[in-house]
Amino acid sequence: MRLSRRTLAAVPEEARPALGPDGLRTGLVHLGLGAFHRAHQAVYTEDAGDPAFGVCGVTMRSMAAAEALAPQDHLYSVLERDGAHASIRVVGVLTAVVGPEAGIARIADPDVRVITMTVTEPGYRHDPATGRLRADDPEVAADLAGRPPVTAVGRLVAGLRARRAADAGPVTVMSCDNLVGGGRLLAGLVAEHCRLGREEDLLAWIEPNVAFPSSMVDRIVPAATAADRAAASRLLGVEDRAALGTEPFRQWVIEDRFAAGRPPWERAGAIVTPDVAPYETMKLRMLNGVHSLLAYLGALAGLGTVDQAMARPDLVEVARRYLEHDAAPTLTPPPGVDLAEYGARLLTRLANPALRHPITQIAADGTHKLPQRLLPVIRDRLAHGAEARWATLGVAAWMRCVAAGRADDGAPLTVADPSAERLRMPEAGPEEVVDRLMGREPAESRALLVDWLSRLTADGALATARAAARER
């Protein structure tokens, strides 16, 4: 039997949806129906318990999620694992899963009061250094020229245009991606899209009617595997082809700035606060920063998953030093947070062998991720007269990955990046690679980058980490 409303009675009672599908109304539209949203914001929204905020999921690229969920009446399970412990639940908060064109129409529904987004950092098609829309991006340019939009911002603007035409009232749009000041960034990109598209009248409606709060999201959700689906089916007693695997930990911090109501997410444990920035910066520089450091070193070493990297004591020591000596000194912790405890818990989470989080997934899109994660740590430490040795090692490892295109054993290494062709320079030496990839980074970083990249080139990632871990 396959999971569906008809077969829910066969699922263990404790695993059935907290918010039953009967009586749900669509009050929230989510753009980018990937694994992360379904294991994070959708779970929080169901646990908030308000039937007025069922979720319509909008696929932005592939229809694979819709095809898996439709025969299951949009039900799916979330499998939480931590070592030997496992628990499972069926989530029933999705009211529909639609493609982009139908999603634009759903934004115009007056019952919809919140729009959330997880489209990944490159999906915003902006310059991370300036926060501006890449108007020269061919897809952005085509959207602005009037074709049916394909970019996330273009589709959002089309939805807001339809909402204004329908006189559907105010709405909130919330980015749930790993971005600094995601709300301000998204508001700026929408405004810029309207100006470039000569839609000043639409922008004049957006400014008083649409709120753009920021949020910080945290949960490790690897891409689902056949093993996840098989384990979920065993625990449920029915087949679930849309099952997801994740960790027990979850966190959501939300800026309290909404235009037309919201689910009571605090009932589900979310933190609703006037200022998300301290949480956002902490997570980006600590969790996401150490993730990237381990991913690039692990990729060079030929490792496949983060837990494999965490099984290497020298890599763990490098990660610990990054958190303690580089990232933590740049942070003002949120109220009640001890950064040492937070860092120790991060390392425990990353070592979870049940997640098997692919290194290639974390290493992708470094040109968008590093300006949010490692580069601010380097700049901050330099501004205070200190050297960010371990953050710089992470940047050097990224440079080695994208420039050489090979792991330390010579095996081909593909790190997905929107600028991949420009970054490849397999014959260049360390100094040339650093000079061509440094961009706007301070000149004070150059010597350390060249040193790390030379060591990585000559000795490999594991030997470099081993020698670095012995340094005091």
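**Figure 1. Helix 4 and what sits over its buried residues.** In this predicted model, the cover over the buried residues of helix 4 includes strand 1 (26-31), strand 2 (54-58), strand 5 (94-98), strand 6 and helix 6 (152-165). Helix 4 itself spans residues 100-107, and its buried residues are G103, I104 and I107. They lie on the same side of helix 4, because the arc they cover around the axis is only 105 degrees.

Figure 2. Strand 7 takes in residues 171-175, and five of its five residues are buried. V171, V173 and S175 point one way, T172 and M174 point the other way, and all are buried. Strand 6 (residues 114-117) pairs with strand 7 in the parallel sense, over four bridges. Among the pairs to look for here, T116 has M174 of strand 7 as its bridge partner. Strand 8 (residues 210-211) also runs parallel to strand 7, and two bridges join them. For V171, the bridge partner in strand 8 is V210.

**Figure 3. L186 in its surroundings.** L186 belongs to helix 7, which covers residues 182-196. With a relative accessible area of 0%, L186 is buried. Which residues does L186 touch, leaving aside its neighbours within four places in sequence? The contacts of L186 are M117, Y124, V153, L156, V173, S175 and F212. For a sense of scale, the C-alpha atoms of L186 and E280 are separated by 15 Å, and these two residues are 94 apart along the chain.

**Figure 4. Strand 9 up close.** Strand 9 and strand 11 (residues 251-255) run antiparallel and are joined by four bridges. S215 stands opposite I254 in strand 11, while D218 has Q251 as its bridge partner in strand 11. Are the faces of strand 9 covered or uncovered? Both are covered: S215 and V217 on one side and M216 and D218 on the other are all buried.

**Figure 5. Helix 9 and the strands it packs on.** The buried residues of helix 9 (residues 226-236) include D228, A231, A232, S233 and L236. The buried residues of helix 9 pack against strand 3 (76-82), strand 4 (85-91) and strand 10 (244-246). Just after helix 9 comes G237, with a positive phi of about 85 degrees.

Figure 6. The largest nonpolar core has 68 residues. The residues with the most contacts inside it are M286, L297, Y322, W398 and M399. Zoom in on M399 and, leaving aside its neighbours within four places in sequence, you see it in contact with A404, V433, V434, L437, M438, L449 and L453. A second, separate core has 35 residues, including C56, I115, L156 and A191. As background, nonpolar side chains tend to be buried together in soluble globular proteins.

**Figure 7. Helix 17 crossing helix 19.** Helix 17 (residues 389-404) and helix 19 (residues 430-437) pack at an angle of about 100 degrees, and their axes are 11 Å apart. Helix 17 and helix 19 are therefore roughly perpendicular to each other. Which residues of helix 17 meet V433, V434 and L437 in helix 19? On the helix 17 side they are W398, M399, V402 and A403.

Methods. Residues numbered from 1 in each chain as written. Predicted model: local features only at pLDDT ≥ 70, side-chain atom pairs only at ≥ 80, totals over all residues. Heavy atoms only, no water. Buried < 20%, exposed > 50% of the residue type's maximum accessible area, 1.4 Å probe, protein only. Pairing = 2+ DSSP bridges. Arc of directions from axis to C-beta. Contact = heavy atoms within 4.5 Å. Core = buried A, V, L, I, M, F, W, Y, C linked by side-chain atoms within 4.5 Å. Axes fitted to C-alpha atoms, helices over the stretch in contact; angles between N-to-C directions. Parallel < 35°, antiparallel > 145°, perpendicular 65-115°, else oblique.
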